[in-house]
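Reader: Could you take me through this one, with the cut-offs stated as you go?
Author: Gladly; here is what we will be looking at.

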Amino acid sequence: MSLFTGIIQFSGWSVFLKGNWAVDVFVTNYLPLVLFPLMYIGAKFVYREPVKKPEEMDFVTDVKEIESVT
């Protein structure tokens with residue numbers, strides 16, 4: 001188990017302790033774990049585009065314009 005997985009699983013663990021149940025804490029900690037994969041799979045189904053490799057990405061075009069804004 002990686003550290004990242006452990007953090008995800010136990011970030012809201014305190015809501016499961018007796019007397020600490022809070023719906024808002026549960027939802028904000030655990031709902032994204034279900035929503036993200038569903039939204040990712042849904043987007044892959046709707047847009048039907050393969051994952052782009054870093055070699056295929058354009059990291060040069062409009063960089064000067066972007067840097068001038070920040």
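**Rings and overall form**

Author: The charged end of arginine 48 lies over the ring of phenylalanine 45, 5.2 Å from its centre; a charge sits over a ring if NZ of Lys or CZ of Arg is within 6 Å of the ring centre and within 35 degrees of the ring normal. This is a predicted model, in which local features need pLDDT of at least 70 and side-chain atom pairs count only at pLDDT 80 or more, while totals for chains, interfaces and linings use all residues. Residues are numbered from 1 along each chain as its sequence is written, and side-chain values use heavy atoms, with hydrogens and water left out.

Reader: And how many aromatic pairs does the count come to?
Author: Six aromatic pairs, where rings of Phe, Tyr and Trp (its six-membered ring) pair if their centres lie within 6.5 Å, and planes under 30 degrees apart count as stacked, over 60 as edge-to-face and the rest as tilted. The rings of phenylalanine 16 and tryptophan 21 have centres 6.3 Å apart and planes at 50 degrees, so this pair is tilted. Tryptophan 21 also forms a tilted pair with phenylalanine 26, at 5.2 Å centre to centre and 40 degrees between the planes.

Reader: Which residues form the aromatic cluster?
Author: Phe16, Trp21, Phe26 and Tyr30 form one cluster.

Reader: Is phenylalanine 16 buried or exposed?
Author: Phenylalanine 16 counts as exposed, at 53% relative accessibility, given that buried means under 20% relative accessible area, exposed over 50% and partly exposed in between (1.4 Å probe, protein chains only). Phenylalanine 26, at 29%, is partly exposed.
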